[in-house]
Amino acid sequence: MQPQADWPELTRHLKQQASELGFSLAGITAAATPERLPHLKQWLDNGYAGQMQYLENRRDAYEHPSHILDGCRTLLMLGTPYLFSEQQRHNAALADGRAYVARYAQSSHDYHDVIRGRLKSLKRWLVQRCPGARVRGVIDTAPLLEREFAEAAGLGWVGKNTLLLNRQWGSYFFLAALLTDLPLHVDSPMTTQHCGTCTACLDHCPTQAFVAPYVLDANRCLSYATIEAPGEIQPDIGTLMDQWIFGCDICQEVCPWNRKSQLTDDTVWKPKPEFAELNVIEILEMTEEMFHSRFRSTPLWRSRRRGMIRNAALVAGAQRLQLAIRPLSGLLCDQDPLLRACAAWALGQIGGTVAHQQLMRASHLEADSQVRSALNQALRRLPSTL
């Protein structure tokens, strides 16, 4: 192991290596019990985690990074910007039948795979210089309050939309961490909050998901609804899904720090034009094989076909997309009761004679009680749209 006097120099070289691997942000902080841990526990107790039960199951593991790496002394917190120069700004001129994908998911690579590979390289570099050191890299799947530790490492401050903000990069970056039992040289924490009196992120959230500054109710968040939520989406949330099929960038787009944020030239994050906006009809008609072929190894794979078709059905309903009546009618016969119920809701939103006929036919054949309920609710909405 390196002698004590070498830690600042080793830390400097470690950060340089991280930069060469694509981590534009890097800072060191000591392993400790997070100050915001009581806030996390209260947030969980309030039910704001939605159906992300894994957070509750690992509640105690957030107490200290040593639950991730035994003997952890310091954390190298890392940020990888992903806003590429060719990515367009979202606007209100979205064509009917199309829906946005959050910027982080527009490349052809799953960020977990890319960043894990880079973390492994960084770990290898450190262990070669400190044989016997305990080192572990993690990215958003471990019980770690990443934003708090990143703030403690000087990478930025937690904004009112609960995301970490950096004066240079805004909030368009992935967070990761390299935990170690080495006493690396720690950086000064970020102690200044640069949001001031701005409440743009809170004011522009279409679903009013922020119950207070710095407090997000995941149950009402479009990102949670379209990616994390495993089942039905609340009807009032569904009616607001006219533009977003996977994730949501609104609270980031309106942030003044993101309007002036630097862009990355890391080509791994170069967006695929066909991923920036998705064709709702194409998604509704996708078979399992088609979904696998198009989205495997991309961030969009995370929702699986079931989640993506559910989202597409809700977008079609929110847009009252007449062209979607045919594929939605086909979904009324799908094996999955969730998709049948979503198709019923969407057809009830779109309305018209054909939608009414399809819903009536399905209501006579449906055996599942929850889907029957969705069909009946859709039919009750139709008189005002016929």
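Q: Buried means under 20% relative accessible area, exposed over 50%, partly exposed in between (1.4 Å probe, protein chains only). Is Y111 buried or exposed?
A: This is a predicted model, where local features need pLDDT of at least 70, side-chain atom pairs count only at pLDDT 80 or more, and totals for chains, interfaces and linings use all residues. Residues are numbered from 1 along each chain as its sequence is written, and side-chain values use heavy atoms, without hydrogens or water. Y111 has 8% relative accessibility, so Y111 counts as buried.

Q: How many aromatic pairs are there?
A: Rings of Phe, Tyr and Trp (its six-membered ring) pair if their centres lie within 6.5 Å; planes under 30 degrees apart count as stacked, over 60 as edge-to-face and the rest as tilted. By this rule the count is 12.

Q: How do the planes of Y111 and F174 lie, stacked or edge-to-face?
A: The ring centres of Y111 and F174 are 4.3 Å apart.

Q: How many residues apart are Y111 and F174?
A: The pair links distant parts of the chain. The two stand apart by 63 residues.

Q: Is F174 buried or exposed?
A: F174 has a relative accessible area of 7%. So F174 is buried.

Q: Which residue has its backbone oxygen 2.6 Å from a polar atom of the T298 side chain?
A: T298 itself is buried, with a relative accessible area of 4%. The backbone oxygen at 2.6 Å belongs to F295.

Technical notes:
Polar contact = N/O pair within 3.5 Å; in protein donor to acceptor, adjacent residues only side chain to side chain. Helix = DSSP H or I, 4+ residues; strand = E, 2+ residues; numbered from the N terminus.
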